[in-house]
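Reader: I am new to this structure and would like to learn how to read it. Could you take me through some features, step by step?

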Amino acid sequence: MKQLTKILVANRGEIALRVMRSAREMGIKTVAVYSEVDRRAPHVLFADEAVFVGPAPSSESYLRGAEIVGVAKELGVDGIHPGYGFLSENAAFAAEVEAAGMTFIGPRTHAIEVMGDKLSAKDAVKDFEVPLVPGSEGEVQDVQEALSIAESIGFPVMIKASAGGGGKGMRIVQEAAEFESQMKRAVSEATNSFGNGAVFVEKYIQNPRHIEIQVLADEHGNVVHLFERECSIQRRHQKVIEEAPSVVLTPELREAMGRAAVNVAKACDYRGAGTVEFIFEPGGTFYFLEMNTRLQVEHPVTEQITGVDLVKAQIRVAQGEKLWFSQEDLKIQGHALEVRVYAENAAENFMPAIGTLLEYKRPQGLGIRVDDGLEEGMEVSIYYDPMIAKLITFGADRTEAIARMKRAISEYRISGVQTTLNFADYVMDHEAFVSGDFDTHFVEKYFTPEALQGDDVDVESIGAMALASLLRVQKGHEKIQKNGTTNRWKANRT
Ligand code: MV4
């Protein structure tokens, strides 16, 4: 067992804080890294030490794996947690961390590599009783051959880039006449975006739900699942509302999906926390899509319904510990919802809304959790993801979790920046959401800008209060700056 004593978090914002909180509870020292615009960010203030790693663009700071590994070594760090995004699914980075004698708090490089490519992922799981969408056996190169596969599957079909992610390099093909041109487009898009033109063909599942299973594996062959998250409410492959459990899973389906997810983890010798994505068809058929080999944005809903601290679990299994609970020990308690609060204007096609958080007051009280990485007076930066916060509510059942979410949204005070809280409030009231009768097309089917009309009072009422708040904030900033020059900044390299 290699007990970790000091962890560097190679990330920023809410997830960096999230990781450091669990580390601190475990008695592990924390090191933050930060870019030029994040000098006074909450994750930097929270950490025991903080290191400047470069200019604002992430390619010059948070993505500089070799530099981050170097800094970690110098500071006597023994483990690196990558959070999500950035370097989290970069197998070369994981290998570098381990080669430098530190622990990568995540899976082994093998699992990252296998699951990083859709064709190799499908190939890896094919003998593990994991249902796959009917489709081509591997890559298709010849158009005529691919077309005849499509015809035998039956239209519509989907052409997908093997290297893709987030919906890139994906094309729906409705009929044979469009097949050739769409395949050529998919190949060129894949080549341009990923430097890998490999594509394959699958039956297009028209109105699926997106349901994913959280898994946790140790290095001793033990794998459990922590049930599902329903992630169907998304737009342009960006999730906006997640929940656990899903309203459509019976205990039998839950067990079947859980078993399939555990098998996916076994197929790639997984270690740590991972997420197995499925599409779920009305009627209860489900298919494996891909595995995300990282902690996910939406992991809190799973923590709320299982009582398991997933970051602590990641650290413990990375230390070589055996899983301390079995599948039978895990039970679903209550219901959790997560709303992602983006700095975007939903009424203007979710246009990014940058600016200063003139007023920022979190909701509080029973059943509420806010994971965020900004404070009042701070800027929502153009350089990074526009997610300001994750608002999580927890209740005895779904009805209570929804009511609590509505209460929390009404209590949240954010001004200076338009957010998607109004959109979330609209969803909480929508009949399709309330009844649970929705799929991945929810937003395009039901949401129009007019739905938010009469909802923008906040923008008008900033006025004097915002000015007062701004003045308070500037005072606060001075204090923060003073703190920043004290000995907490042992490793400040500027
Ligand atoms: C699909 C599909 C329908 N049929 N594959 C989207 C991102 C990538 N992870 C896979 N995706 C899909 N693959 C087949 N054969 C529909 C989607 C899809 C989707 C999946 C999950 C959540 C949201 C989605 C939105 C659009 C399309």
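This is a predicted model: local features need pLDDT of at least 70, side-chain atom pairs count only at pLDDT 80 or more; totals for chains, interfaces and linings use all residues.

Reader: Which order do the strands have in the open sheet of 5 strands?

Author: Residues are numbered from 1 along each chain as its sequence is written, and side-chain values use heavy atoms, with hydrogens and water left out. Helices (H or I, at least four residues) and strands (E, at least two) are DSSP runs, numbered from the N terminus. Two strands pair if DSSP finds at least two bridges between them. Here the order is S3-S2-S1-S4-S5, with parallel pairing. Strand S3 (49–54) and strand S5 (103–104) are the edge strands, each pairing on one side only. Inside this sheet, strand S1 (residues 6–9) and strand S2 (residues 29–35) pair in the parallel sense over 4 bridges, and Lys-6 stands opposite Lys-29 in S2.

Reader: How do I read the side chains of a strand, and which way do those of S6 point?

Author: In a regular strand the side chains alternate between the two faces of the sheet. In S6, Val-157, Ile-159 and Ala-161 point one way, and Met-158 and Lys-160 the other way. Buried means under 20% relative accessible area, exposed over 50%, and partly exposed in between (1.4 Å probe, protein chains only). For strand S6 (residues 157–161), 5 of the 5 residues are buried, so the strand is largely enclosed by the rest of the structure. S6 runs antiparallel to strand S7 (residues 170–173), joined by 4 bridges, and antiparallel to strand S8 (residues 199–203), joined by 5 bridges. Val-157 stands opposite Val-173 in S7, and its bridge partner in S8 is Lys-203.

Reader: How many residues of helix H13 are buried?

Author: Of the 9 residues of helix H13 (residues 421–429), 7 are buried, so this helix too is largely enclosed by the rest of the structure. Among them are Phe-423, Tyr-426 and Met-428.

Reader: How is a pair of aromatic rings described, and how far apart are the ring centres of Phe-350 and Phe-447?

Author: A pair of aromatic rings is described by the distance of the centres and the angle of the planes. Rings of Phe, Tyr and Trp (its six-membered ring) pair if their centres lie within 6.5 Å; planes under 30 degrees apart count as stacked, over 60 as edge-to-face and the rest as tilted. By this rule there are 16 aromatic pairs. Phe-350 and Phe-447 have ring centres 5.7 Å apart and planes at 55 degrees, so the pair is tilted. These two residues are 97 residues apart in the chain, and both are buried. Tyr-62, Phe-86, Tyr-383 and Tyr-384 form one aromatic cluster. Of these, Tyr-383 is partly exposed, at 41% relative accessibility.

Reader: What about charges: which residue forms a salt bridge with Glu-98?

Author: A salt bridge is a side-chain nitrogen of Lys or Arg within 4 Å of a carboxyl oxygen of Asp or Glu. The count comes to 39 salt bridges. Glu-98 forms one with Arg-108, the closest N and O atoms being 3.7 Å apart. Glu-98 lies in helix H4 (residues 91–99) and Arg-108 in the loop between S5 and helix H5 (109–115), so the pair ties together parts that are 10 residues apart in sequence.
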